[in-house]
Amino acid sequence: MTAAEAVRRYVFDGATVGMGGQTIGRCAMALIHELVRQKKRNLTLVGCNLSINMDILVGAGLVGRTECGTGNLERFGTTFAWRKAIEEGKLVNEDYSHLGMVTRFLGGEMGLPFMPTRSLLGTDILSKKSATTGKKFEIVANPWDPDDQVALLPSLNPDVAIVHVQKADEEGNLIIEGFLTHEPEMIRSSKSVIASCEEIIPSDEIRKYPERTTIPYVYVHAVVPQPWGAHPTSVYRYYMHDADHLREYQKCAREGGAGFEAYLEKYVYSCSSFDEYLEKIGGLKKFNQLRAEMMRIL
Amino acid sequence: MAETVKSDELMIIESARHIRDGETVFAGTGMPLVAAMYAQKSHAPHMCFVIETGPIDPQVLPVPTSVSDPKGMHRAAKLGTLREVLGCLLQRGLVDVGFLGGAQIDQFANINSTVIGDYQQPKVRFPGSGGANDIASHAKRILVICRHEKRRFPEKCAYITSPGYIDGPEGRKRAGIKNDRPDITVVTDLAVMSVDKSTGKLQVLKLMPGVSFEQVQANTGFPMTASPHMTTVDLPTEENLRVLHQEVDPEGEYLGKED
């Protein structure tokens with residue numbers, strides 16, 4: 001399936017979108033660009049760390065709410081569009097810790113209404129002032145040991161998860177290599193899943209080594225073959241993040257307004273597909289460099 | 001002994017001294033990652049590095065710019081999930097040292113990395129907890145590294161993202177945190193402080209070389225006390241600095257280029 005078709009079919013205005021990747025690693029940028037091109041509006045974005053994948057959607061004016069543990073690109077700075085939208089009161093964020101968010105996906109993937117954690121106790125993350133919904137949490141005693149307390153967090157079942165993985169087959173079996181972050185729990189908790197991938201592999205290979213499958217096809221609705229689909233973030237074993245392009249994005253996001261619009265125009269709106277964008281960011285020469293950087297550190 | 005030592009070098013080397021060989025160390029992004037790398041390359045070659053995106057016991061290559069940087073995955077024992085490292089290792093209580101940075105830290109060693117001002121429409125929005133709340137809640141010992149400025153050390157954090165002793169010696173226990181009396185050490189460019197468990201408040205244990213207690217007080221937004229056994233931080237050796245610059249941060253990504 002193409003990115004355009006998958007996004008048209010599975011992402012709707014007002015959807016809660018589970019965001020794959022973390023900071024500068026394996027963000028599903030090809031699919032995110034497609035959300036921007038199709039102007040999917042009033043989205044709620046959920047994940048652990050939300051990064052450039054979230055920030056570009058916020059900057060494009062498509063996001064009403066985020067629920068996450070962090071918004072930033074670490075060494076490359078904060079998520080400027082997100083930060084500005086919150087400071088201007090245009091976007092509501094609900095804060096959890098990263099374990100808090102993955103705990104909510106864990107509840108969701110097992111069909112349970114809530115899940116306990118020992119994190120967050122005693123802090124403002126569990127206080128009325130930072131609850132944007134009626135009931136963000138409940139502190140309860142362990143029924144087997146009344147002196148022991150945990151916080152219950154509401155489970156999360158995103159309408160659609162958007163991830164980028166290394167390998168997939170036509171059936172939708174996914175292989176994620178390297179770090180996994182919150183993705184296994186988030187993918188299994190989502191009502192539909194769109195996965196773009198670096199390469200399509202034969203189903204025979206999946207069936208021959210099924211222990212290597214990270215996510216079986218039963219959870220997955222659309223597979224989109226898209227080499228370099230996480231650029232400018234990295235894909236373990238394939239390519240490093242593109243520090244130059246991340247800095248270019250950050251400069252535009254920090255500037256906001258016309259600077260940000262110019263970025264969107266140049267790299268998203270004026271491109272009919274992600275392949276056109278890949279030509280603009282430097283094509284083969286850039287790919288060879290980022291691939292060589294990755295090979296050096298494996 | 002080294003002739004001139006920069007404050008960043010001192011902060012990193014001093015905080016790394018708090019890591020013992022063989023310990024399991026959970027390091028957040030930025031300076032904590034650099035200091036934990038320095039410990040691994042110097043006195044703690046057998047420490048088990050844990051990074052929140054999933055890497056368990058990697059031999060970290062110089063120098064990751066993010067917890068998702070593949071340089072932090074090199075020759076790991078396992079590349080797991082966030083739930084595995086933050087849940088199964090950290091929350092379960094298997095992590096010896098949790099290593100954090102911080103935007104603001106108050107007299108009870110609570111950390112704010114979320115907002116200044118109103119939550120719904122803040123004056124400044126910071127990135128948020130990330131794994132910091134989890135680390136501060138569950139690690140057996142907690143190390144914090146940050147710059148010592150008055151605005152970073154308010155009497156009370158406007159928003160508590162990660163728990164220190166909350167409001168006193170029994171604060172964590174009252175809140176239901178199982179790990180209720182951890183060692184918390186804060187290393188800055190001026191001093192090393194730790195929580196006095198009888199008051200739940202930070203006190204100065206060591207001064208950085210050439211720094212006076214008055215200087216620490218002047219840069220702190222609450223009355224600071226000095227430990228009766230207050231000493232001075234040892235200067236790093238030439239070899240310490242060589243390891244830091246050549247093996248940990250050869251490109252000067254965090255420490256800048258050497259003169």
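I began with the overall size of chain B: its radius of gyration is 18 Å, which agrees with the value near 18 Å for a compact globule of 259 residues. The radius is taken over C-alpha atoms, and the globule rule is 2.2 Å times the number of residues to the power 0.38.

I noted the source next. This is a predicted model, in which local features need pLDDT of at least 70, side-chain atom pairs count only at pLDDT 80 or more, and totals for chains, interfaces and linings use all residues. Residues are numbered from 1 along each chain as its sequence is written, while chains are lettered from A and ligands numbered from 1 in the order in which they are written.

**Chain B as a whole**

I took the box along the principal axes: the C-alpha atoms of chain B fill roughly 45 × 40 × 35 Å. I then listed secondary structure and found seven helices and 14 strands in chain B. These are DSSP runs, numbered from the N terminus (helices H or I, at least four residues; strands E, at least two).

I checked burial. Of the 259 residues in chain B, 55% are buried. Buried stands for 20 or more other C-beta atoms within 10 Å of a residue's own, exposed for 12 or fewer, and partly exposed for in between, with C-beta atoms placed from the backbone.

I looked at contacts (C-beta atoms, placed from the backbone, within 7 Å). Among those in chain B between residues at least 6 apart in sequence, 66% join residues at least 24 apart.

**Glu253(B)**

I found Glu253(B) in the segment after α7 (238-248) of chain B. Glu253(B) is partly exposed, because 14 other C-beta atoms lie within 10 Å. Its C-alpha atom is 7.5 Å from that of Val63(B), 190 residues apart along the chain. Leaving aside neighbours within four places in sequence, Glu253(B) contacts Val63(B) and Thr65(B).

**Chain B against chain A**

I counted 50 residues of chain B in contact with 48 residues of chain A. On the chain B side, α3 (82-91), α4 (132-138) and α5 (171-175) each give two or more residues. The largest share, five residues, comes from α3(B).

**Helix pair in chain A**

I picked α1 (residues 3-10) and α2 (residues 29-37) of chain A, which pack at about 60 degrees with axes 9 Å apart. Axes are lines fitted to C-alpha atoms, for helices over the stretch in contact; angles run from 0 to 180 degrees between N-to-C directions. Ala3(A), Ala4(A) and Val7(A) in α1(A) meet Ala30(A), Leu31(A), Glu34(A) and Leu35(A) in α2(A).

Methods:
Two residues are in contact if their C-beta atoms, placed from the backbone, lie within 7 Å.
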